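Here is a short tour of one protein model.

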Amino acid sequence: MQTNDFDEFRERTLKKLGIEETNSGIFAGKWLPRSGKNIYTSISPVDGKVNASVWLADRGQYEEAVNQSIKAFEEWRSIPAPRRGEIIKALGDVLAKNKKDLGALVTLEAGKTTSEGEGEIQEMIDVAYFASGLSRQLYGFTMASERPDHRLYEQWLPLGPIAVISAFNFPSSVWSWNAMVAAVCGDTVVWKPSTKASLAAVGVMKIMTEELERLGAPQIFSLVASRGSEGGEWISNDRRIPLVSFTGSTATGQKIYENVARRIGRPILELGGNNCSIVSSRADMNLALKGVAFGALATAGQRCTSTRRVVVQDDIYDEFVSRLKDIYSKVKIGNPRQEGVLVGPLIDREAVRTFTDAVREAVSQGGKLIFGGEEIKVPGLEGGNYVRPALIEAKPDMEITKRETFGPLLYLFRYRTIEEAVKIHNSVPQGLSSAIFTTDLREEEYFLSYRGSDCGLANVNTSTAGAEIGGAFGGEKETGYGRESGSDSWKAYMRRQTVTINHGRDLPLSQGVRFDV
Ligand code: UN1
């Protein structure tokens, strides 16, 4: 595909979604006019050209968005949860109708391949339908009271207007993991997208707000596109927002956490990952190769769940590495719209620099670069941010291997015993996703036992990346706190109330305490 085709694709996509040259990035029951001086220009990582601009919120507009969210909360929480679920189901339906166009917008702004861009929207649809089903299952337990004629149970109540601060790499789906579930719980949501993905957020919000309007439902979602540090500060210090769900770097997450903790708010934090796959000599090698390649290369290594380290058993190490190198040399890098391309661009120039710097640093720390690691120019897309994915033979004690580099950089280690493999696996400060490739039951069970993977997500014979929405998503250690999306993650978005009802004529006290007046 030529650049001209990409220009044409850009024009068509933006037009279909009603995106103009400059757009409001603030929705507070309605799209707010420009007032602050801040404007963000969305540059496509695919070709380095301008997609469109988004004007950003100033403090006053932030206030408007939060106030609107509080007002909408008062109405929304009084609607029965199953009815809220029907509305969320309709949002899933409208996302399904717009899947191609929204996926294309993700390609434009984040550089994802067509399949991954549409996959991201599918993730939103999945979680909307999941949340809709959940709306009839917000169960509380009933406990046996120790006192006669007493009933003891717990109920779950809406929490309030919550905030979601999302990252550029999943510009819309991570918002939906939080927003759809929070909405059936009766909450409203203030969304601060990554500045780098403000346009995708505008595209999604246009569709969401139009559908809510059509349904006559309250505008439960607000948008406050803003400069990262500014918006993050406003939200994390705002006592009116009981829960802040943040996805991004560990460094920023720490600041958000501190601010939220100072006011005893609730955090959900999805921070850095440094995910590892163990490949045993008893693995199905073809499957392991595919799993590791997908984990390391998909989204150009820009997922929290990307595979960044692989530990291979000694006796198959050479064969595995040589075959992986072969896959790397054949993988197509370039225009993410083009059929057969699996690796698109990095998000911006800074990401390219971080990647090439990390490769250099790894080598200076004793790593052996055996493939890639350099910036490349894709013909016709010279303004894009492309790199050749790197394979680096490393030692687990190299400091750089303990850090997350957000790009396609894979460290290779050797191991002899499963104990040694797990030790290397767990030797980093992060704890999001993990994988083992083996057909040996004992190794697999070791990996899944308390002695095994220390991560929030553990995979057997599949990649560290590509989690389904039905499971609870989140990590341990520096990766963060809490879970979102599936399973019982909904509980984080509600407040639990333990209820004791005395329906007798006496006042028996718990623990047998006597207090006769
Ligand atoms: C992220 O990178 O922030 O598991 C989320 C995955 C995707 C989500 C990643 N479903 O790779």
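Glu 74 is partly exposed, with 45% relative accessible area. This is a predicted model. Glu 74 sits in helix H2, which covers residues 59-76. Asp 187 is 113 residues away from Glu 74 along the chain, and their C-alpha atoms are separated by 9.2 Å.

Pro 161 is buried, at 6% relative accessibility. Its place is in strand E7, residues 161-165. Leaving aside residues up to four places away in sequence, Pro 161 touches Ser 69, Ile 70, Phe 73, Thr 188, Arg 240, Ile 241 and Pro 242. Trp 490 is 329 residues from Pro 161 in sequence and 15 Å from it in space, C-alpha to C-alpha.

Arg 505 is exposed, with a relative accessible area of 86%. The cut-off for that class is over 50%, so Arg 505 qualifies. Arg 505 belongs to the segment after strand E28 (494-502).

| Pair | Separation along the chain | C-alpha separation |
|---|---|---|
| Glu 74 and Asp 187 | 113 residues | 9.2 Å |
| Pro 161 and Trp 490 | 329 residues | 15 Å |

## Two domains

How is the protein divided? Domain 1 takes in 9-271 + 479-496, and domain 2 takes in 275-469. The C-alpha centres of domain 1 and domain 2 lie 30 Å apart. The two are in contact: 30 residues of domain 1 meet 27 residues of domain 2.

## The nonpolar cores

The largest nonpolar core has 135 residues. Ile 88, Trp 175, Met 208, Phe 221, Val 279, Phe 320 and Leu 324 touch the most other members. Helix H6 (residues 173-184) gives the most to this core, with nine residues.

Not counting residues up to four places away in sequence, Trp 175 touches Met 124, Val 164, Met 180, Val 189, Trp 191, Val 204, Met 208 and Phe 221.

## The largest pocket

The largest pocket holds about 1,200 Å³ of space. Its lining is made of 47 residues, and Lys 196, Gly 248, Ser 249, Thr 250 and Thr 252 are the closest to its centre. Which elements each supply at least two residues of the lining? They are helix H8 (228-236), strand E10 (243-247), helix H9 (250-262) and helix H12 (349-364). H12 gives the most, with seven residues.

By class, the pocket lining has 15 nonpolar, 20 polar and twelve charged residues. Each of domain 1 and domain 2 provides at least three residues of this lining.

## The cavity

A search of the whole structure turns up one cavity of 30 Å³ or more. The volume of the largest cavity is about 60 Å³. It is lined by 14 residues, and Gly 111, Lys 112, Thr 299, Ala 300 and Gly 344 lie nearest its centre. Seven of the lining residues are nonpolar, five are polar and two are charged.

## Two positive phi values

Thr 299, one of the residues nearest the cavity centre, has a positive phi of about 55° although it is not a glycine. Thr 299 is found in the loop between helix H10 (285-297) and strand E13 (307-313). Is Thr 299 buried or exposed? Thr 299 is buried, with a relative accessible area of 9%.

Asn 461 is a residue other than glycine, and its phi is also positive, near 60°. The loop between strand E23 (457-460) and strand E24 (472-473) holds Asn 461. Asn 461 is partly exposed, with a relative accessible area of 28%.

Conventions
Residues numbered from 1 in each chain as written. Predicted model: local features only at pLDDT ≥ 70, side-chain atom pairs only at ≥ 80, totals over all residues. Heavy atoms only, no water. 1 Å grid on protein atoms, 1.4 Å probe; cavity = no way out; pocket = protein on both sides within 12 Å on 5 of 7 lines; lining within 4 Å. Points joined across faces, edges and corners; volume = space filled by probe spheres on them. Nonpolar A, V, L, I, M, F, W, Y, C, P; charged D, E, K, R; others polar. Core = buried A, V, L, I, M, F, W, Y, C linked by side-chain atoms within 4.5 Å. Buried < 20%, exposed > 50% of the residue type's maximum accessible area, 1.4 Å probe, protein only. Helix = DSSP H or I, 4+ residues; strand = E, 2+ residues; numbered from the N terminus. Contact = heavy atoms within 4.5 Å. Domains from an automatic or database assignment.
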